[in-house]
Amino acid sequence: MPIVTAAAIRAFYDDLMESRFDALEERLAEDVVFELPGRRFGGRREGKRRTMTFLRANQRLFTGGLKFHLSWVGVVDDRAIAQWTNEGTTRQGTPYANPGVTVFRFSGDKIVE
C-alpha cells in the first residue's frame, strides 16, 4: 500500500527549496520519471540520476534557489497533486514567477512519477 501524505509532498518542496538534495534523492525511486511541459525547462527525465541532475541545475539558475509556495495538496491512493506558485531571481537579476500543478505517483514511500 502506498504511503502518500500531504506532509510528504510539502517535505519534498521544503527539501528542494533548502537544497537538501540528499534528502530529496531519498524520496525518489531509482526508475523515477520526471516530466515538465514547456520549452526551456520542459522534457522527460528518466531515472534518479538524471532527475537529480536536473533539479540541482534548475535550483542553481536562481540566486538563493527557486522558492515554492504550496496553495493546495491533495492525496488519493498512490497519487498526490500539489498546486503551487514559485518565485526567484535569476543569476542575471531578472525576477521570475510561475504558477503550476505537479502530479506525483508513488510506489510505497518513493516517488516514481
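Predicted model: local features only at pLDDT ≥ 70, side-chain atom pairs only at ≥ 80, totals over all residues.
In soluble globular proteins, nonpolar side chains tend to be buried together. Here the largest nonpolar core comprises 25 residues, and those with the most contacts inside it are Ile9, Tyr13 and Phe104.

When its neighbours within four places in sequence are left aside, Phe104 is in contact with Ile9, Phe12 and Tyr13, with Asp78, Arg79, Ala80 and Ala82, and with Ile111 and Glu113.

From here the strands can be followed in order. β4 and β5 run antiparallel and are joined by 11 bridges, and within this pairing Ala82, which is also one of the contacts of Phe104, stands opposite Thr102 in β5. The two strands form a hairpin with five residues between them, and in its turn Gly93 has a positive phi of about 90 degrees.

β5 also pairs with β6 (residues 110-111), again in the antiparallel sense, over two bridges. In this pairing Phe106 stands opposite Ile111 in β6, and Ile111 is itself among the residues in contact with Phe104. The hairpin of β5 and β6 has two residues between the strands, and there Gly108 takes a positive phi near 65 degrees.

Technical notes: Residues numbered from 1 in each chain as written. Heavy atoms only, no water. Core = buried A, V, L, I, M, F, W, Y, C linked by side-chain atoms within 4.5 Å. Buried < 20%, exposed > 50% of the residue type's maximum accessible area, 1.4 Å probe, protein only. Contact = heavy atoms within 4.5 Å. Pairing = 2+ DSSP bridges. Helix = DSSP H or I, 4+ residues; strand = E, 2+ residues; numbered from the N terminus.
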